[in-house]
Amino acid sequence: MKRAVVLVLDSFGIGGALDAAEFGDQGADTLGSIALACAEGRADLADANGSQHRSGPLLLPNLAKLGLFHAHLASTGQVAAGVSLPDSVIGSYGHAQEISSGKDTPSGHWELAGVPVLFDWGYFLDTEHSFPASLVADLIAQAKLPGILGNCHASGTTILEQLGEEHVRTGQPICYTSADSVFQIAAHEQHFGLARLYEVCEVARELLMPYNIARVIARPFVGGEKVGGEEFGQTPADFVRTGNRRDYSITPPAPTVLDKLATERQGQVVSIGKIADIYAHSGITKKVKATGLNALFDASLAELACAGDNTLIMTNFVDFDSSFGHRRDIAGYAAELEAFDRRLPELLAQLKPNDLLILTADHGCDPSWPGTEHTREQVPVLCIGARLTAGSLGPRDTFADIGQSLAQYFGTSPMDYGTSFL
């Protein structure tokens, strides 16, 4: 029986890529920066009700046993601050270099599945008045909008504080972008409508095809309600994004290993979280919706418990990126890593001898780095099962080594890129 689980810790880089300087990211190191802040006491966390708490050095004993810190050492040449390397590991570990042209989510995920992005995405480079006037006019006309707000580079949470109240008052959705190839649309779930937001995003997706923009992202939010029976009023800090985000990606330019497993082997490809959206639902046979680390982990365990032969379960843990990396929240990122680590034994206990578990990432997002964008980094490749020998897998020249390994594992036709480590 062949069953594989791929967990993508979104943005969990382990040291600058060989070409990091070309992206302005020389010195970026998501894991190293978090570990250093923890060791120096700059990542202690305790909220008022005690629901979140962490202090001291970064504690990831289960990831360490799989070889995480050994992989980081091989990537950077130094042991992460406050960390003692375990004497032995139970996993196979390596670090992978990205060959795709960008450091965005679709590029990273597609390359992980064996299809690197070797072309240039389109971008909106102007930080103000970012979108062409003709595009804005077409979106307003075709989506029947009273106008749009934003039209700039922005952090998703900050722009809600700035424009959320005006959006509710005017009915104009908030449209913004970033250094990534993305067009994001934020709207209030009740006052604009979730279905209406999705409709606008579908219009935008079609209009953006000539611009070669990788993703349109629906960013629904709620909040701003006054209590005590008063009429609706807006308090910017009360606006909160919900789990009803939806990504509208273009289809990968070639069949991924997901496609090959589904078509060539009649296998099952289970998407948990936003995986299906990232691959434009291509190759996905079952989609499971979950929001938050624990719900995503629970769903992964549940799907593995009932998985049959030729099943690939792929989960994206988006909060590492969206809630902590982009927000430059080092303490929150550290706490989330430790929470993930605490749950790993549940998954390891559920694996059968021939199952294959792979933990990796799609890019970096160093929470100590200037700005709010992704960072060009190498990513961990941590594996156990499928008769792999514990120890180093060495440096991997492309994320596509994971896709090629999955192709060999499931017996599909080989991918055009990557070298299997099985």
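Residues are numbered from 1 along each chain as its sequence is written, and side-chain values use heavy atoms, with hydrogens and water left out. Because the model is predicted, local features need pLDDT of at least 70 and side-chain atom pairs count only at pLDDT 80 or more, while totals for chains, interfaces and linings use all residues.

Empty space comes first. Rolling a probe the size of a water molecule over the atoms shows where empty space is left. Here a 1 Å grid is laid over the protein atoms alone; a cavity is a set of points where a 1.4 Å probe fits but cannot get out, and a pocket is an open set with protein on both sides within 12 Å along at least five of seven lines. Lining residues have an atom within 4 Å of a point. Grid points are joined across faces, edges and corners, and a volume is the space filled by probe spheres set on the points.

The largest pocket has a volume of about 700 Å³. Its lining consists of 33 residues, and those nearest the centre are Thr242, Gly243, Arg245, Thr291 and Asp319. At least two lining residues come from each of α6 (156-170), β8 (215-222), β9 (240-241), β10 (246-249) and α11 (319-325); helices (H or I, at least four residues) and strands (E, at least two) are DSSP runs, numbered from the N terminus. By class, the lining of this pocket holds 11 nonpolar, 10 polar and 12 charged residues. In this count Ala, Val, Leu, Ile, Met, Phe, Trp, Tyr, Cys and Pro are nonpolar, Asp, Glu, Lys and Arg are charged, and the others, Gly among them, are polar.

The second largest pocket has a volume of about 190 Å³. Among the residues that line it are Phe23, Lys103, Asp104, Trp121, Tyr123 and Asp180. Its lining divides into 6 nonpolar, 2 polar and 4 charged residues.

The largest cavity has a volume of about 310 Å³. It is lined by 23 residues, with Gly156, Ser178, Gln184, Arg219 and His326 nearest its centre. α6, β7 (182-188), β8 and α11 each contribute at least two residues to this lining, and β8 gives the most, with 3 residues. The lining of the largest cavity has 4 nonpolar, 10 polar and 9 charged residues.

Strand β8 also holds Arg215. Arg215 is buried, with a relative accessible area of 5%; buried means under 20% relative accessible area, exposed over 50%, and partly exposed in between (1.4 Å probe, protein chains only). The side chains of Arg215 and Asp247 are joined by a polar contact of 2.9 Å. A polar contact is a pair of N or O atoms within 3.5 Å; within protein, one must be able to donate a hydrogen and the other to accept it, and residues adjacent in sequence count only if both atoms are side-chain atoms.

The aromatic residues form 14 pairs in the whole structure. Rings of Phe, Tyr and Trp (its six-membered ring) pair if their centres lie within 6.5 Å; planes under 30 degrees apart count as stacked, over 60 as edge-to-face and the rest as tilted. The ring centres of Phe124 and Tyr211 are 6.1 Å apart and the planes stand at 45 degrees, so this pair is tilted. Phe124 lies in the loop between α4 (105-112) and α5 (133-142) and Tyr211 in the loop between α7 (189-207) and β8, so the pair ties together parts that are 87 residues apart in sequence. Phe124 is buried, with a relative accessible area of 5%, whereas Tyr211 is partly exposed at 30%.

The rings of Phe297 and Phe317 have centres 6.1 Å apart and planes at 50 degrees, so that pair is tilted. Phe297 belongs to helix α10 (residues 293-305) and Phe317 to strand β13 (residues 311-317), so the pair ties together parts that are 20 residues apart in sequence. Both Phe297 and Phe317 are buried.

Lastly, Asn310, in the loop between α10 and β13, has a phi near 55 degrees, a positive value in a residue other than glycine. Asn310 is buried, with a relative accessible area of 11%.
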